[in-house]
Amino acid sequence: MSHSHSHAPGQTHSHTHSHELPQSPQSPQAHMMPTPDPALQALIDEDFRPVPLSLSDDRNTAHCLEHRLEKCDTCNIDFVNLNRLSILLANNPNLLCPPPSNVVTQKLSQMVTTTKDEGNSLFKSGLHTAAVNRYSAAANLAINRPPWENNQVMREELSTVVSNRSAAFTEANDHISALADAEAVLQIRKPWSKGHFRKAKALVGLHRLRDAAEAVKLGLSFEPNNNELLQYHTDIEKAIVKKGETKQATAEPKSEQ
């Protein structure tokens, strides 16, 4: 039915009242299954191969059917990362999937720090090989962060631990391993001065003084006022000059008596 009434002095309008029942809201589109992309589905189907597997008693981890291993070269399977993710989700039933990237596993951070500190104590005691082992253990913990966590946390933890391991290798006179670790640090965290310092130290140990000077210069391009790099650059330049003088003195022919 329809009727008219005033809403303000001198103003009227008409509208119709309906006796129909209100319609229920439509289901949100988010609940609808998306139509798969045919090309993408074809790629998935092309690479898909069924894999025989067995599940643990709690049904949280998968293993190869024949050997009951989560990583088996014979069966050509590797469920390590899948099982790690499954266990994390099973142990945290209220965890969003995936959780927000700002969620950080504090227990894991504490384990990394504790293991790194153990390495630091061994390093200070002169037990450099033992320190390398603890730093390696800390690095293995750092790289086992869940894939949804902020990558920057892992990069900072890992670069610090590997930098410390490079220092331990240097003190143990394993300069090639020290250089490899320093290069790894720069791959993870290139602007960080400590990585350039570790690389220069390793190169000095390998008697590559000019390369060491270049490594320090690159570090100074990121942190021009870094005192550690500035002082080490001075030390390297002095060593280069001294080495040149020694070569010159050796090359000069001895005068006949």
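This is a predicted model: local features need pLDDT of at least 70, side-chain atom pairs count only at pLDDT 80 or more; totals for chains, interfaces and linings use all residues.
Leu43 belongs to helix α1, which spans residues 38-47. The relative accessible area of Leu43 is 52%. Exposed means over 50%, so Leu43 counts as exposed.

## Cysteines without disulfides

The structure has zero disulfides. A disulfide is a covalent bond that joins the sulfur atoms of two cysteines.

Take Cys64 to begin with. Cys64 takes part in no disulfide. Its nearest cysteine sulfur belongs to Cys75 and lies 3.9 Å away.

Now Cys72. Cys72 is in no disulfide either. Here too the nearest cysteine sulfur is that of Cys75, at 3.7 Å. The cut-off is 2.5 Å, so this pair does not count as a disulfide. Cys72 is buried, and its relative accessible area is 3%.

## His63 in strand β4

His63 sits in strand β4, made of residues 62-64. Is His63 buried or exposed? His63 is buried, because its relative accessible area is 18% and buried means under 20%.

Which residues does His63 touch, leaving aside those up to four places away in sequence? The contacts are Leu53, Ser54, Ser56, Arg68, Leu69, Glu70 and Phe79.

## His196 in helix α7

His196 is placed in helix α7, which runs over residues 193-205. The relative accessible area of His196 is 1%. That value is under 20%, so His196 is buried.

Leaving aside residues up to four places away in sequence, His196 touches Leu186, Lys190, Ala215, Leu218, Gly219 and Phe222. Two of these partners have further details.

One is Lys190. The backbone oxygen of Lys190 is 2.7 Å from a polar atom in the side chain of His196. The other is Phe222. Along the chain, His196 and Phe222 are 26 residues apart. Their C-alpha atoms are separated by 9.9 Å.

Notes: Residues are numbered from 1 along each chain as its sequence is written. Side-chain values use heavy atoms; hydrogens and water are left out. Helices (H or I, at least four residues) and strands (E, at least two) are DSSP runs, numbered from the N terminus. Buried means under 20% relative accessible area, exposed over 50%, partly exposed in between (1.4 Å probe, protein chains only). Contact means heavy atoms within 4.5 Å. A polar contact is a pair of N or O atoms within 3.5 Å; within protein, one must be able to donate a hydrogen and the other to accept it, and residues adjacent in sequence count only if both atoms are side-chain atoms.
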